[in-house]
Amino acid sequence: MKKTIALLPLCCLLLWQACSGDKASGKPLNPNGDSELALLMREMFEDGMRVREQVKNGQAIDIQVDFEKIMTAKATDPKKMQPDDFPQLAGSYVEAMKALKAAPAAEVQERYTAMVATCMNCHENICPGPTVRIKKLIL
Ligand code: HEC
């Protein structure tokens with residue numbers, strides 16, 4: 001019992017860190033290394049920043065990140081970070097990415113904005129830390 005209590009603050013700290021965002025230091029967030037989902041999220045962000053430039057410059061976009069992996073990648077703590085509404089939130093993001101990929105030139109901006117909104121929507125619901133960073137994706 002005593003042990004469990006002693007571990008509680010540590011767990012909270014790890015969870016808070018995982019969802020709190022900016023790892024300028026580049027160090028892994030938790031002692032077991034970064035989760036598959038956290039690594040994918042970073043790729044989604046980096047790829048998003050590249051695509052944002054293309055949208056801003058009116059160029060053709062090329063999405064490189066394997067975004068459908070969001071449906072299967074494991075989080076740092078799947079119980080807390082992939083709650084019951086995760087599949088639905090992740091599904092909206094995947095649909096938005098597909099729509100962006102398929103968008104005719106005239107609709108790219110609108111689709112891009114809708115896609116970033118699905119990042120924000122999931123994060124505001126289950127993982128607020130990275131929202132500061134995600135705002136950089138807004139056009
Ligand atoms: C369905 C929910 C969901 C969607 C949609 C989503 N995220 Fe995340 N994101 C998460 C969860 C959960 C974590 C925590 C993962 C972990 O720590 O294991 C996370 C973590 C992150 C992190 C921190 C990664 C790190 O370094 O630890 C960033 C940055 C991020 N997301 C950006 C984005 C961006 C950009 C998008 C859209 C392109 C996006 N997210 C869409 C749920 C989501």
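**Briefing: ligand shell and buried residues**

The side chain of Ser 35 reaches the backbone nitrogen of Thr 76 at 3.4 Å. That is a polar contact: a pair of N or O atoms within 3.5 Å, where within protein one must be able to donate a hydrogen and the other to accept it, and residues adjacent in sequence count only if both atoms are side-chain atoms. This is a predicted model, in which local features need pLDDT of at least 70 and side-chain atom pairs count only at pLDDT 80 or more, while totals for chains, interfaces and linings use all residues. Residues are numbered from 1 along each chain as its sequence is written, and side-chain values use heavy atoms, with hydrogens and water left out.

**Overall fold**

- The chain has 6 helices and 0 strands. Helices (H or I, at least four residues) and strands (E, at least two) are DSSP runs, numbered from the N terminus.
- Along the sequence, the pattern reads α-α-α-α-α-α.
- The chain has 139 residues, and 35% of them count as buried. Buried means under 20% relative accessible area, exposed means over 50%, and partly exposed lies in between (1.4 Å probe, protein chains only).
- Take the contacts in the chain with a separation of 6 or more: 61% of them join residues 24 or more positions apart. Contact here means heavy atoms within 4.5 Å.

**Around the ligand**

- The ligand has 27 residues around it, and Ser 35, Met 41, Cys 119, Cys 122 and His 123 come nearest. A residue is near a molecule or strand if one of its heavy atoms lies within 4 Å of it.
- By class, this shell holds 20 nonpolar, 4 polar and 3 charged residues. Ala, Val, Leu, Ile, Met, Phe, Trp, Tyr, Cys and Pro count as nonpolar, Asp, Glu, Lys and Arg as charged, and the others, Gly among them, as polar.
- Helix α2 gives the largest share of the shell, 6 residues.
- An oxygen atom of the ligand lies 2.5 Å from an N or O atom in the side chain of Ser 35.
- For the side chain of Arg 42, the distance from an N or O atom to an oxygen atom of the ligand is 2.6 Å.
- Thr 76 uses its backbone: an N or O atom there lies 2.6 Å from an oxygen atom of the ligand.
- Two or more residues of the shell come from each of α2, α4, α5 (108-126) and α6 (131-134).

**Ser 35**

- Ser 35 lies in the loop between α1 (2-18) and α2.
- Ser 35 counts as buried because its relative accessible area is 10%.
- Not counting residues up to four places away in sequence, Ser 35 touches Lys 74, Ala 75 and Thr 76.

**His 123**

- His 123 sits in helix α5.
- The relative accessibility of His 123 is 10%, so His 123 counts as buried.
- A polar atom of the His 123 side chain lies 2.8 Å from the backbone oxygen of Cys 127.
- Beyond its neighbours within four places in sequence, His 123 is in contact with Met 41, Pro 128, Pro 130, Thr 131 and Ile 134.

**Aromatic rings**

- The structure holds 1 aromatic pair. Rings of Phe, Tyr and Trp (its six-membered ring) pair if their centres lie within 6.5 Å; planes under 30 degrees apart count as stacked, over 60 as edge-to-face and the rest as tilted.
- Phe 67 lies in the loop between α2 (36-56) and α3 (78-81) and Tyr 93 in helix α4 (residues 86-102), so the pair ties together parts that are 26 residues apart in sequence.
- Phe 67 and Tyr 93 are both buried.
- Elsewhere, Arg 133 lies over the face of Phe 45, at 4.6 Å from the ring centre. A charge sits over a ring if NZ of Lys or CZ of Arg is within 6 Å of the ring centre and within 35 degrees of the ring normal.

**Asp 47**

- Asp 47 belongs to helix α2.
- Asp 47 counts as buried because its relative accessibility is 7%.
- Leaving aside neighbours within four places in sequence, Asp 47 is in contact with Ile 63, Gln 64 and Val 65.
- Asp 47 and Asp 66 are 19 residues apart along the chain, and 9.9 Å separates their C-alpha atoms.

**Ala 96**

- Ala 96 has its place in helix α4.
- Ala 96 is buried, with a relative accessible area of 13%.
- Apart from neighbours within four places in sequence, Ala 96 is in contact with Met 115 and Thr 118.
- Ala 117 is 21 residues from Ala 96 along the chain, and their C-alpha atoms are separated by 9.2 Å.
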